[in-house]
Amino acid sequence: MAGLHHDHGVRFGLPDLRERLLGPLRAHRFGHGEFEATGGSDAEADVLAAIRERAGEVHERLVHDHEVFAVEFVGSTGGGKTKLIEELLERAPADERVGAVVGDVAGEDDATRLREYGIPVENINTGKECHLDPDGVDSALSAFDLDALDTLYVENVGNMVCPADFPLGTSLRVLVVSTTEGGDVVGKHPLLVQAADAAIVNKIDLAEAVGTDLDRVRGDIHEVAPEIPVFETNARAGTGVDALAAFLDARRESHTGHTHQ
């Protein structure tokens, strides 16, 4: 493992090793045509295949049966996921019908915040579990009239490790990292970065104050997942959120064919 270390700690500069570690997780994305199995035959592969199958069923129900554009936000506690969703709600067109599923280990503080926007919100407390799973999301969907929804935001439990193995069946998975987590946050959690369809670097206004090198964060994302778009935001001030909203609108159209004015 010595080849993975340099002055900044663990990094992933060996393409063959990165491919071996991260390749299977590409199958965890749930855009169209991305339900391929990893082909493993051991117990772990069977479990992962079962999770993907359940997520595929959720995806079919949401996106294909009811044409709901579903976006998962995943990242650490305190990274700004809820605030980013709030900012997107502030910018939502009047005719866009939005709902949310919020996962937390305990409590419903984030769900309460989103309910203040007048949208239907289901809260899931996972207890000892550090992630949402497709079964939980599927159960939560029973509380919604899916035919009356255009967009569903799914806020996962705050964690940078556990959610990587649990796709939820959404249209997109958006990773949120914060500058307050340090400049090495991406290098420490490559699997979740690889399993995302887009990345947000939030709290860019605090980078200098907390000593985080934004160039390193950008470089690590590009190294681990060079194909995903990256947005830099200060959600509290709304900085960068318009670009994120435009990206989601474009992806919505490609997934559902629907646009909002």
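Author: K203 lies in the loop between β8 (198-202) and α8. The model is predicted, and the values below are computed from it. The phi angle of K203 is near 60°, a positive value in a residue that is not glycine. K203 has a relative accessible area of 22%, so it counts as partly exposed; the limit for a buried residue is under 20%.

E67 is placed in the loop between α2 (43-65) and β3. Its phi is near 55°, again a positive value in a residue other than glycine. With a relative accessible area of 37%, E67 is therefore partly exposed.

A207 is found in helix α8, which covers residues 207-210. A207 is buried, because its relative accessible area is 5%. Setting aside neighbours within four places in sequence, A207 is in contact with T179, T212 and L214. Of these contacts, T179 is 28 residues away from A207 along the chain, while their C-alpha atoms are separated by 5.3 Å.

Another buried residue carries a charge. D104 is located in strand β4 (residues 98-104), and it counts as buried because its relative accessible area is 17%. D104 has no salt bridge; K81, the nearest side chain of opposite charge, is 6.9 Å away. A salt bridge requires a nitrogen-to-oxygen distance within 4 Å. Beyond four places in sequence, D104 is in contact with D110, I124, N125, T126 and V157. Between D104 and N156 there are 7.2 Å from C-alpha to C-alpha, although the two are 52 residues apart in sequence.

Aromatic rings complete the picture. A pair of aromatic rings is described by the distance of the centres and the angle of the planes. The count for this model comes to 2 aromatic pairs. In one of them, the ring centres of F73 and Y153 are 5.9 Å apart and the planes stand at 65°, so the pair is edge-to-face; that label applies to angles over 60 degrees. This pair joins distant parts of the chain, since F73 belongs to strand β3 (residues 69-75) and Y153 to strand β6 (residues 151-155), 80 residues apart. Both F73 and Y153 are buried.

F231 and F247 also form an aromatic pair, here a tilted one, with 5.1 Å from centre to centre and 50° between the planes. This pair, too, links distant parts of the chain: F231 is in strand β9 (residues 230-232), F247 is in helix α10 (residues 241-256), and they are 16 residues apart. F231 counts as buried because its relative accessibility is 12%. F247 likewise counts as buried, because its relative accessibility is 14%.

How values were computed:
Residues are numbered from 1 along each chain as its sequence is written. This is a predicted model: local features need pLDDT of at least 70, side-chain atom pairs count only at pLDDT 80 or more; totals for chains, interfaces and linings use all residues. Side-chain values use heavy atoms; hydrogens and water are left out. Rings of Phe, Tyr and Trp (its six-membered ring) pair if their centres lie within 6.5 Å; planes under 30 degrees apart count as stacked, over 60 as edge-to-face and the rest as tilted. Helices (H or I, at least four residues) and strands (E, at least two) are DSSP runs, numbered from the N terminus. Buried means under 20% relative accessible area, exposed over 50%, partly exposed in between (1.4 Å probe, protein chains only). Contact means heavy atoms within 4.5 Å. Lys and Arg count as positive and Asp and Glu as negative; His and the chain ends are not counted.
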